[in-house]
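Here's a quick tour of a protein model and its side-chain contacts. Have the viewer open as you read.

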Amino acid sequence: MWPKLIEYAKDGGLDAIETYIFWNAHEPQRRQYNFEGRLDFVKFLKTVQEGGLYAVVRIGPYVCAEWNYGGLPVWLHNIPGMEIRTNNDAFKYEMATFTRKIFSMMEDEGLLAWQGGPVILLQIENEYGNVMQQYGNAGKEYLKWAAGMAVSLNASVPWIMCQQSDAPAPMINTCNGFYCHDFEPNSPTSPKMWTENWTGWFKAFGSTNPHRPAEDLAYSVARFFQTGGTFQNYYMYHGGTNFGRTAGGPFITTSYDYDAPLDEYGQPRQPKWGHLRNLHSALKQMEKALIYGTRQNVSLGNDLEASIYKTEDGTTGCFLSNTNTALDATVTFNGNSYSLPAWSVTILPDCVNSIYNTAQVPVAPQTVTSKQTKDDETGVENVVWHKESIFYNIRSKDLFPAKKLLEQITTAADRSDYMWYTTGVHVTEDDSFWNQGRVILRVNTSGHSLHVFVNSEHAGFAYGGYGHGAFNFEQPINLKPGKNYITLLSATVGLQNYGPLFELVPAGINTGPVEIVGSNNATKDLSRKVWLYKIGLRGEDDLFTNPKDFTWTSASDLPVNTLFIWYKAEFRAPNGSESVIVNLGSMGKGQAWINGESIGRYWPLYTSPEDECSEPCDYRGPYNPSKCTTQCGEGTQIWYHVPRSWLNEGLNTLVLFEELGGNPSQIKFRTVH
Ligand code: GAL
């Protein structure tokens, strides 16, 4: 998809592509690197250059980005003495090793601007200023160290640090946000730069679909250049898809569409893409004045302002702004009259003729927008299944005991989303606790979702949500006289990616308690019993490492609405070369693979609140992600992206692991054009 995406970026009037580097994707095990396929960032940067664009490389290597663990490899977590993003030798050593490696790969390939390559800016760390206070003096030392380490690479390309108002020279501090016109860099010699202009917002399972109006996005950009801005980057211009288990959060969806100018499938989103293209073209008509001119601001009334850029040779460029959130206005400027809609900026490259207003969006789309039709829909055939082993059928060699509850990230190091916990509890009928076996099970978990089994029968499911990963499970269960087995299957839904010390936010059942409550509130605490553990599902081990041990059953009556089941189906891709999408609306929660590539976690059953959609959407006034949302009371993500390059002409294979129950025979594929 890269060449086409880059071409749309170039056509949309962009000059540079900004990208993060994802440490945990490139170094999944310590000193085992992966730069193949879609992780070939050198090839990506070369493709950017071939497409006629510059590149901005945000190495981080902490990146946030709604990406699993903010891009940090989970193996860092278990290195003795490790403290992340602070003045800690173990962390600094790992961060410097990776940063140097990435930098020398770029230098060896001649990718830096002075070598004739596309890379004009580099970033170290990411928004450390937002969390630095938490780390006290050690944070300040770490910041200085990170800047010094970057400078010591002698890149001869400027370095930036975003959201870092105390960035040490020669680092340039830059702004991230929905608006950055009020931002001022911390040095008079630093240009005013905006690394992230959020074009929309990300989605979490259980949330609505955010939209940032094109009028407001264009307004924020025009205001920035009106007020002396020099560099503005859209975050995201194309957000795409977080395939596999790369989405963070927890609870970030697989789609990272972001309401961006290029949608999840790489098509221009109209009218946003076209409106911004016109804006870029208007700005470029006064490029000389913006770059070499001096600026003068003139008030034209309340909330009304003219900004005049002028060079010594008389080249001009003007902006007229109306920052009022409700009142349209008519102003007189240089003897001419202009009407300025509320919350808008007008651009006059010659300071006379208005050629662009941020609130006037073209009505007719100028190019295609992703649309789907039923015309080319295909379905699945030859569906076979395999029941996942509930704890008792797990091979004993895969189990290990501990006389306490174990935190999931430390124990499983994210090898799988899943971790099993099981323990035994003995009750007798003459125990005052007994209550006919009808007791309450309470599990205090750090998240993110939990299935409960009692004596191998499914007895409940509960989950947290975005911003509240931890939750309490509390439901009645039935015990039998004698020994009972309580089995808990904890699943993560993407590891935390943001916040001070986010890397220490636990997952799984961690400290507990796990308790059962019988007659008269008598409580048995199971937290310190011997628990048996297994990381991952048996099906995951077998299917991906010993497929011979994994048998599929074909039967005329396919089990549907069944918990813990794997499905495999064949399908033909819809004709054509466009991106393919698959409707998983008939499924519950799990993960899906196409021809062996994970297309991500799915959870169509997780619906958004009924009442959080604001209709109609008014673009005027400061945007925030809860403004102009859609899809209330619906599954957050029903459609999943299947890149065309993963599909064959003949039969393709879809594999699903389904936790909650669904009907795979209803799954449908379509194209987007
Ligand atoms: C910023 C961060 C980005 C991304 C964004 C929200 O704070 O730098 O990586 O997480 O927020 O989408």
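What follows covers the ground rules, the salt bridges, the ligand site and the aromatic pairs.

## Ground rules

This is a predicted model, so to speak of local features we ask for pLDDT of at least 70, and side-chain atom pairs count only at pLDDT 80 or more, while totals for chains, interfaces and linings use all residues. Residues are numbered from 1 along each chain as its sequence is written, and side-chain values use heavy atoms, with hydrogens and water left out.

## Salt bridges

Side chains of opposite charge can pair when their charged atoms come close. The cut-off here is a side-chain nitrogen of Lys or Arg within 4 Å of a carboxyl oxygen of Asp or Glu. The structure has 29 salt bridges by that rule. One of them joins E597 and R38, with the closest N and O atoms 3.6 Å apart. That pair links distant parts of the chain, 559 residues apart: E597 is in strand β29 (residues 597-602), and R38 is in the loop between α2 (23-26) and α3 (41-50). Helices (H or I, at least four residues) and strands (E, at least two) are DSSP runs, numbered from the N terminus. E597 is partly exposed at 30% relative accessibility, and R38 is exposed at 51%. For those words, buried means under 20% relative accessible area, exposed over 50%, and partly exposed in between (1.4 Å probe, protein chains only).

Now for some buried partners. R212 and D216 meet in a salt bridge at 2.8 Å, N to O; R212 is buried at 1% and D216 is buried at 0%. D259 and K272 pair up too, at 2.9 Å, N to O. Here D259 sits in the loop between β7 (231-235) and α7 (272-284) and K272 in helix α7, so the pair ties together parts 13 residues apart in sequence. Both ends are buried, D259 at 6% and K272 at 4%.

## The ligand site

Oxygen atoms of the ligand lie 2.8 Å from an N or O atom in the side chain of Y20, 3.0 Å from a backbone N or O atom of V63 and 2.8 Å from one of A65. The protein covers 95% of the 310 Å² of accessible area (Shrake-Rupley, 1.4 Å probe) that the ligand has on its own.

## Aromatic pairs

Rings of Phe, Tyr and Trp (its six-membered ring) pair if their centres lie within 6.5 Å; planes under 30 degrees apart are stacked, over 60 edge-to-face, and the rest tilted. The count comes to 54 aromatic pairs. Y219 and W343 are stacked, 4.3 Å centre to centre with 25° between the planes. Y219 is buried at 1%, as is W343 at 8%.

W566 and F657 have ring centres 4.9 Å apart and planes at 45°, so this pair is tilted. Finally, one aromatic cluster includes Y20, W67, Y258 and Y623.

Key: A polar contact is a pair of N or O atoms within 3.5 Å; within protein, one must be able to donate a hydrogen and the other to accept it, and residues adjacent in sequence count only if both atoms are side-chain atoms.
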